[in-house]
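Trainee: I would like to go through this model by way of its side-chain contacts. Can we take them one at a time?

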Amino acid sequence: MSPFRTGALVALALVIATAPLAAQADRARQGFWFGAGVGPGYADLYCGICGGEAGTTGTSAHLRAGGTLTRAFLLGAEASGWFGSDGDLSRRMALVTATGTWYPKPEHGLFVKFGVGMSLFRASEDDEALTASLFTGQVGAGYEMLVNPRVSLAPFLQLAASANGDLMLERTANGGLS
């Protein structure tokens with residue numbers, strides 16, 4: 001089973017197992033907040049000069065921080081990354097976004113997340129790399145499970161997408177760029 005599917009099944013099992021407890025907990029969202037996470041990820045890239053569409057699994061991570069506007073709405077910033085490889089081909093994506101998180105029913109843990117920002121993409125093999133910087137949008141959903149009044153686990157699924165962009169070729173043979 002792929003790491004992405006395994007991670008998704010573990011997250012779903014956690015949500016199902018703890019949802020009744022989390023729904024009963026007092027949700028006092030207030031003040032400054034921060035979060036961090038790591039898990040499986042999947043990236044899909046369409047590249048005309050690369051031979052079409054290519055998708056691969058990898059590892060994703062994020063750091064986020066912000067403030068609470070109301071019990072139902074959080075505003076913040078997020079830095080996310082994804083790393084994957086297929087043989088000698090290594091791919092990396094980094095995203096920096098302004099985000100909003102909305103809890104439709106503040107007394108429960110279900111949330112919807114959205115954001116806009118910039119993404120950086122790099123695919124490298126041997127001494128050549130393709131890079132791009134693009135405007136990016138993201139949407140996601142998850143479920144916050146309280147561990148105690150100040151700590152929670154929040155598994156989520158997120159989709160980040162970018163419009164078409166220009167790929168730049170980087171050559172690093174003999175330590176230089178061209």
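Trainee: Is Glu-78 buried or exposed?
Mentor: This is a predicted model, and the answer is computed from it. Buried means under 20% relative accessible area. Glu-78 falls under that cut-off, so the residue counts as buried, its relative accessibility being 3%.

Trainee: Which residue forms a salt bridge with Glu-78 at 2.8 Å?
Mentor: Side chains of opposite charge can pair when their charged atoms come close. A salt bridge needs a side-chain nitrogen of Lys or Arg within 4 Å of a carboxyl oxygen of Asp or Glu. For Glu-78, the closest N and O atoms are 2.8 Å apart in the bridge to Lys-113.

Trainee: How many residues apart in sequence are the parts tied together by Glu-78 and Lys-113?
Mentor: Both Glu-78 and Lys-113 are buried. Glu-78 belongs to strand 3 and Lys-113 to strand 5, so their pair ties together parts whose separation in sequence is 35 residues.

Trainee: Which residue forms a salt bridge with Glu-144?
Mentor: The whole structure holds 3 salt bridges. In the one formed by Glu-144, the closest N and O atoms are 3.0 Å apart, and the partner is Arg-29.

Trainee: How many residues apart are Glu-144 and Arg-29?
Mentor: Glu-144 is in the loop between strand 6 (128–143) and strand 7 (145–148). Arg-29 is in the loop between helix 1 (3–24) and strand 1 (32–47). The pair links distant parts of the chain, with a separation of 115 residues.

Trainee: Over the face of which residue does Arg-29 lie?
Mentor: Arg-29 is buried, with a relative accessible area of 11%. Its distance from the ring centre is 3.5 Å, and the ring is that of Tyr-103.

Trainee: How are the rings of Tyr-103 and Phe-111 arranged: what is the pair called?
Mentor: Tyr-103 counts as buried at 3% relative accessibility, and Phe-111 does at 4%. Their ring centres are 5.7 Å apart and their planes stand at 55°. Planes under 30 degrees apart count as stacked and over 60 as edge-to-face, so this pair is tilted.

Trainee: What is the angle between the planes of Phe-73 and Phe-114?
Mentor: The count of aromatic pairs comes to 3. Phe-73 and Phe-114 make up one of them, with ring centres 6.1 Å apart. Phe-73 lies in strand 3 and Phe-114 in strand 5, so the pair ties together parts 41 residues apart in sequence. Their pair is tilted, with the planes at 35°.

Trainee: About how much accessible area do the residues of the nonpolar surface patch have together?
Mentor: Phe-114 is partly exposed, with a relative accessible area of 39%, and Val-112 in strand 5 is partly exposed at 33%. Both belong to the patch, along with Trp-102, Val-139 and Leu-159. Together the patch residues have about 460 Å².

Methods:
Residues are numbered from 1 along each chain as its sequence is written. This is a predicted model: local features need pLDDT of at least 70, side-chain atom pairs count only at pLDDT 80 or more; totals for chains, interfaces and linings use all residues. Side-chain values use heavy atoms; hydrogens and water are left out. Patches are made of residues with over 30% relative accessible area and no salt bridge: like charges are joined within 9 Å, nonpolar side chains (Val, Leu, Ile, Met, Phe, Trp, Tyr) within 5 Å. Accessible areas come from the Shrake-Rupley method with a 1.4 Å probe; for residues, only the protein chains shown count as cover. Helices (H or I, at least four residues) and strands (E, at least two) are DSSP runs, numbered from the N terminus. Buried means under 20% relative accessible area, exposed over 50%, partly exposed in between (1.4 Å probe, protein chains only). Rings of Phe, Tyr and Trp (its six-membered ring) pair if their centres lie within 6.5 Å; planes under 30 degrees apart count as stacked, over 60 as edge-to-face and the rest as tilted. A charge sits over a ring if NZ of Lys or CZ of Arg is within 6 Å of the ring centre and within 35 degrees of the ring normal.
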